[in-house]
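Here are my notes on the model, point by point. Please read them with the structure open.

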Amino acid sequence: MTTATLEKQTPAKQKVMLVEGNEAAALGVALARPDMVAVYPITPQSSLVEHVAKLIADGRMDADIVDAEGEHSVLSVLQGGSLAGARTYTATCGPGLAFMFEPYFRTSGMRLPIVMSIVTRDGITPQSVWGGHQDAMTVREVGWVQVYCETVQEVLDTTIMAFKIAEHHDVMLPVNVCLDGNYLSYGTSRVELPDQAEVDAFMGDKNVNWHVALDPLRPMAVDPLTGGSSGRGPSTFVRYRKGQCRGMQNSLRVIEEVHEEWANRFGRRYAPLVEDYRMEDADYAIMTLGSMSGAGKDAIDEARDAGKKVGLIKIKTFSPFPVEALMKSLRNVKALGVVDRSVGFRWNCGPMYQETLGVLYRLGRHVPSQSFIGGLAGADITTTHFHRVIDETEALLSTPASTEPVWLNEKD
Amino acid sequence: MGAYNTIAFDAAKCDGCGDCMTACAETKVGAGDSARSRIQIGGDAANGFELALCRQCGDPKCVSVCPAGALGKDAASGVIAWDASKCVDCLLCTVGCAYAGIALDEATGRVAKCDMCEGNPACVTACPHDALKLVTTSRIYNEVGNWEDLFAPGLAGCQGCNTELLMRHTLRRVGPDTVLATPPGCVPGMGSVGFNGTTGTKVPVFHPLLTNTAPMLAGVKRHYKRIGREITALAIAGDGGASDVGFQSLSGAAERNEQILFMVVDNEGYMNTGMQRSSCTPYGAWTSTTPVGEATHGKTQDAKNLPLIMVNHRCEYVATASTAYMEDFYDKLDKAIAASKRGFAYLHVYSPCTTGWRFPTDQNMEVARKAVETNFVMLWEYSRAGGLHFTRPVDDPLPVTEYLKAMGRFRHLSDDQISHIQSKVVENLGFVKQLAHVAKA
């Protein structure tokens with residue numbers, strides 16, 4: 001914090017800093033110039049909003065900051081601000097996200113382009129303040145766009161891109177930027193800070209409430225009761241829902257476009273939906289999400305050195321689930337191991353694994369697959385764990401898969 | 001137009017002495033012949049006294065039936081004046097008036113009527129029993145009657161509900177540069193936010209969650225403030241959402257002194273969803289979740305006093321009001337609007353529910369009035385500078401039974417329950433008096 005400046009710099013001279021992921025997110029927020037942020041502390045998100053508050057207190061970020069009395073009000077304040085035309089931001093996780101759920105559900109329905117970081121945390125109970133994807137996974141079916149970052153630099157860059165994706169007129173949906181609690185929130189890394197003028201040019205004009213507004217100059221009723229079993233029938237409701245789904249599908253294209261523009265302007269290229277890592281000629285693959293992917297890639301490199309024909313598929317955009325892109329990545333795969341950092345209670349497997357089963361079905365051929373669950377409650381998923389994932393996935397080529405998930409950190 | 005004065009008659013205080021008629025006759029015709037008085041008291045002590053006097057009507061029938069243009073309402077004073085030079089003595093006016101307010105003076109053969117004695121009526125001065133009073137009427141109508149009603153016509157309230165009155169008056173006063181929040185409850189249930197793609201208001205209106213009215217409105221207000229636009233952020237909410245599930249967010253917004261006017265229409269329960277208990281439901285009351293049966297007999301706890309809790313947030317302004325006392329309400333509404341430009345303003349309006357409280361639909365005002373006259377409900381206001389004080393103190397309250405018996409929801413009460421309620425009324429009054437006293441000191 002002490003050395004960071006957001007003053008105008010030449011694009012060639014991006015400032016280099018050493019920051020934790022939470023600070024990187026805060027710097028990204030500042031560069032995106034929101035009008036309003038609302039904050040409430042919760043581990044491991046707290047230092048993120050502290051950084052935002054300090055940026056505002058130091059006069060380096062011009063935004064109205066609301067220290068609300070809880071996450072429920074945090075998102076509610078932003079809904080009001082967004083309806084009045086404000087670019088808005090907040091961050092939360094775990095129990096805070098659970099408490100926020102009522103307005104959270106509604107944000108996507110009102111098509112409000114609010115950006116919220118989820119500094120992911122495992123679900124309680126058992127009591128835990130540590131990282132894990134259980135919080136974000138639990139709300140994956142609520143119509144928010146959800147992207148997961150792998151590195152601190154990606155957190156910074158994606159936070160800015162998230163506003164542009166959310167506010168795209170073909171999308172108009174709230175976006176979660178998920179960064180792994182502990183590993184990305186507190187992990188300190190070198191980052192390049194984009195130039196403010198370049199970010200301004202990248203962002204373009206702001207118009208967040210062209211479609212729905214609370215404005216005396218163009219009065220309208222926001223979210224009146226729709227017909228259902230009586231009245232005019234459910235057609236209004238159905239039209240809205242269909243529109244939400246359309247917005248989600250549109251976001252897949254927009255996410256790709258925005259990442260492409262980012263790469264061209266700032267020189268940093270990220271796979272927007274699905275990343276293929278050493279997938280050329282791979283017979284089998286493992287799938288990862290978030291910060292675990294680094295160790296996963298290291299393990300793949302070692303396995304490749306040992307002559308194994310294995311690759312890694314990393315999901316960045318989890319919601320909407322990138323079905324087409326993933327089908328492409330999986331087109332030659334003969335066995336698949338999917339590593340989740342959370343559980344899907346209903347299917348006794350990881351949620352990403354469960355989603356992927358649908359994609360495998362669409363491939364139209366049988367691909368033996370296995371769910372691996374690791375990194376719960378902040379546990380580290382090391383290259384050793386990934387070698388086990390690789391080996392057990394390789395075994396699927398010749399032996400039948402288990403219906404039980406493999407619990408990677410069970411004996412750690 | 002300004003407010004008009006008129007003469008009010010309290011039959012309960014009249015003993016039929018006739019001093020008013022004597023005084024009128026002496027003043028107007030120089031003789032004590034009460035038959036020539038323009039005010040006439042009829043009836044008797046046994047059946048009650050009645051008044052025959054010009055009401056200086058707003059829509060006077062005497063004027064409309066007069067074929068000669070001899071009668072007209074003076075816009076400045078509100079007095080209906082008779083022009084002797086134009087009168088053709090047809091007496092149609094005496095037939096047109098339903099109040100016997102204009103009558104033939106047999107001594108002159110012409111009609112005569114009250115002219116308000118240029119603002120100082122002799123009858124009022126003469127009355128030894130306070131049965132006649134000069135009161136200001138139509139102030140609200142004259143002030144706001146021509147302002148735009150910003151709600152759509154035909155709100156779908158229950159028959160006899162006066163929340164519609166409250167909503168229309170409030171929005172009319174606050175005006176078009178408003179963003180209105182009406183969380184789930186009777187207010188949107190009446191159609192304030194509209195149905196099926198229609199809107200119920202001419203101002204931007206939204207349907208927040210039951211739980212987040214205040215913070216959502218705060219977000220709206222804050223952004224307009226940031227971009228330099230003046231709006232009023234107004235909530236018309238129910239007691240359940242405010243005092244129960246939405247209380248945290250209400251308290252948070254008040255603590256942050258968000259610039260909001262938050263009005264709670266307190267009908268003492270979740271009436272829109274089927275008359276369930278809220279924490280504002282009074283002790284002993286029947287609701288659909290505090291039913292009356294063999295084992296239990298209505299709510300077993302006392303009501304939460306939400307307005308007093310808001311006082312403890314040291315808001316810019318907090319007041320209680322009643323639909324039976326609209327002038328008091330309007331005074332407070334004006335202060336609350338002004339306060340909401342500086343910070344959090346809170347208005348708590350007691351609004352009887354014909355459907356949920358179980359009383360005839362023509363009794364709403366009477367029930368509301370009885371609540372105040374028994375001190376079951378107290379009308380006061382608070383500001384940081386002025387402290388807390390009563391705006392309509394009731395020094396000689398009726399027993400609470402006068403209020404309770406007006407409604408079906410208290411029909412089952414035992415004597416013990418009634419005495420509990422009466423003692424709570426006394427306790428609450430003492431508590432608020434103490435606050436008022438402390439504020440004064």
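1. Start inside chain A. Six salt bridges cross the interface of domain 1 of chain A and domain 2 of chain A. A salt bridge here is a side-chain nitrogen of Lys or Arg within 4 Å of a carboxyl oxygen of Asp or Glu. A:Glu154 and A:Lys316 form a salt bridge through their side chains, at 2.9 Å, N to O. The elements giving two or more residues to the side of domain 1 of chain A that touches domain 2 of chain A are helix H6 (134-138), strand S6 (145-148) and helix H7 (152-167) of chain A. Of these, S6(A) gives the largest share, four residues. Helices (H or I, at least four residues) and strands (E, at least two) are DSSP runs, numbered from the N terminus.

2. A word on conventions. This is a predicted model, in which local features need pLDDT of at least 70 and side-chain atom pairs count only at pLDDT 80 or more, while totals for chains, interfaces and linings use all residues. Residues are numbered from 1 along each chain as its sequence is written, chains are lettered from A and ligands numbered from 1 in the order in which they are written, and side-chain values use heavy atoms, with hydrogens and water left out.

3. Now the domain bounds, which come from an automatic or database domain assignment. Chain A has domain 1 (11-203) and domain 2 (274-407). Their C-alpha centres are 27 Å apart. Domain 1 of chain A puts 23 residues into the contact and domain 2 of chain A puts in 28 residues; contact means heavy atoms within 4.5 Å.

4. How much area is buried between the two domains of chain A? The value is about 2,000 Å², with 49% from carbon and sulfur atoms. Buried area is the accessible area (1.4 Å probe) that two parts lose on being put together, summed over both. On the domain 1 side, A:Arg140, A:Glu150 and A:Tyr183 lose the most area, together 33% of what that side buries.

5. Chain A also has a salt bridge between the side chains of A:Arg268 and A:Glu192, at 2.9 Å, N to O. A:Arg268 sits in the loop between helix H9 (235-266) and strand S10 (274-277) of chain A, and A:Glu192 in strand S8 (residues 188-193) of chain A, so the pair ties together parts 76 residues apart in sequence. Over all chains, the whole structure has 57 salt bridges.

6. Next, the contact between chains. Chain A contributes 43 residues and chain B contributes 36 residues. Together the chains bury about 3,000 Å², 56% of it on carbon and sulfur atoms. A:Glu69, A:Leu214 and A:Pro216 supply 20% of the area that chain A buries against chain B, more than any other three residues.

7. Five salt bridges link chain A and chain B. The side chains of B:Arg256 and A:Glu69 form a salt bridge at 2.9 Å, N to O. H3(A) supplies the largest share of the side of chain A that touches chain B, eight residues.

8. Finally, a sheet spans both chains. The open sheet has nine strands with mixed pairing, in the order S9(A)-S10(B)-S9(B)-S11(B)-S12(B)-S14(B)-S13(B)-S15(B)-S16(B). S9 of chain A and strand S16 (387-390) of chain B stand at the edges, each with a single partner strand, so one side of each lacks a neighbour in the sheet. Two bridges join S9(A) to strand S10 (residues 205-206) of chain B, in parallel. Strands pair if DSSP finds at least two bridges between them. A:Val222 has B:Phe206 as its bridge partner in S10(B).
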